[in-house]
Amino acid sequence: MSRSFQVVLKKVVDHSYAIEIGERLFDSLIEDLQQGLVPNVSKYAIITDSTVEPLYGRPLLERLRQNGFEADLFSFPAGETSKTRETKALLEDQLLQRAYGRDSCIIAVGGGAVTDLAGFLAGTFGRGVPSLNYATTLLAAADASVGGKTGVNTPVATNLIGVFHQPRKVYIDLAAWRTLPAREFRSGLAETIKHACLGDAGFFSDLEENLGKVISDRGQLVLDAGVCERIALANCRIKYEVVEQDEHESNLRQILNLGHTAGRALEAVSGYTLLHGEAVSVGLVIQAKLGVKRGYMTEEQAERVIALLKKAGLPTDIPDQIPNRQLMDKMYTDKKVRSGRIRFVFQDGIGAMKRFADGSYSVPVEEAEVMEVLEEMRQL
């Protein structure tokens, strides 16, 4: 005879947080900590990468210490190839060696790779400690700073191992965008264009009209302050509107993977020689061309998407050295795959997403359909 006991853990959890957009926000971060933004914390761990460390990591460390906070800095080699379980374990060991415990707060300073890795670490260290994001790239502002998705890459798949861990606050430092190489900034524009494609036709038109005010035809950064602020705000708003309805990606939040089924696969098979946004750009083209074949968008709408990506200086072709078969095989590691079938999310024209008869936002796509589009792209 067996007995059972029901463990009832119903509770309402508020994961709300603020996003502050401005220039040189260290003073604001310090003031927030002084006013108790993160209570019951005695030690602060700044996690950054080798590129951001001298520019923002060490200066923030000095400011924290000058204001009486106990803080240390932990850095790892810059780049997506460092976003691994091994790097996370090394950082965890360093935190433990410095006697960090559950009274810690993680401050992620950098781009998307930093916020992904540091957020994952914060979500598991001490079974979860609070974290702050100080985003220094457009990619982090556009994608990684909203929604609490964290994770690492493995040789098999990108971002398939991680947790949902919402930060206590996000700081988007527009001044930091001026320190970015143009290629990194363009990479962030891919996620920005993605957001316009999936959620705001007006923002898409705004980008068509004003992209030249942030990056010139020659690929040089112009960074008009007003347009940059509009871009940052629109990215946060569009992503928030999705995440607020589906925090844990049970359905609607899948639309944020627009362009990512092929894009993440391409990023991985390139050995990360393609930046995330560059790979997503090509993924958006593949999705758009598939969408035209399926009747979800017109040829003209697809051409507008491709033209905007080109205007941003982003690639729209599959690199010659990557075979279609290899790219196709890697798509099977996408986290939307169900029962061994690749699934895509699709635009419904420009500014909206296709919802299918069963209520889902993703749909199985036959391999032959995808291969046909890949072949056609090679012939253009």
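This is a predicted model: local features need pLDDT of at least 70, side-chain atom pairs count only at pLDDT 80 or more; totals for chains, interfaces and linings use all residues.
Reader: Why is α3 called oblique to α4?
Author: Their axes come within 10 Å and cross at roughly 55 degrees. Angles under 35 degrees count as roughly parallel, over 145 as roughly antiparallel, 65 to 115 as roughly perpendicular and the rest as oblique; α3 is therefore oblique to α4.

Reader: Which residues make that contact?
Author: From α3 come Thr 87, Lys 88, Leu 91, Glu 92 and Leu 95, and from α4 Leu 117, Phe 120, Leu 121 and Thr 124.

Reader: Why are β1 and β3 said to stand at the edges?
Author: The open sheet has six strands in the order β1-β6-β5-β4-β2-β3, with parallel pairing. Two strands pair if DSSP finds at least two bridges between them. β1 (18-22) and β3 (71-76) each have a single partner strand, so one side of each is left without a neighbour in the sheet.

Reader: How do you know that β2 and β4 pair?
Author: Strands β2 (residues 43-49) and β4 (residues 104-110) share five bridges in the parallel sense, and Ile 46 stands opposite Ile 107 in β4.

Reader: What are the limits of the model?
Author: Local features need pLDDT of at least 70 and side-chain atom pairs pLDDT 80 or more, while totals for chains, interfaces and linings use all residues. Residues are numbered from 1 along each chain as its sequence is written, and side-chain values use heavy atoms, leaving out hydrogens and water.

Note on methods
Axes are lines fitted to C-alpha atoms, for helices over the stretch in contact, and angles run from 0 to 180 degrees between N-to-C directions. Helices (H or I, at least four residues) and strands (E, at least two) are DSSP runs, numbered from the N terminus. Contact means heavy atoms within 4.5 Å.
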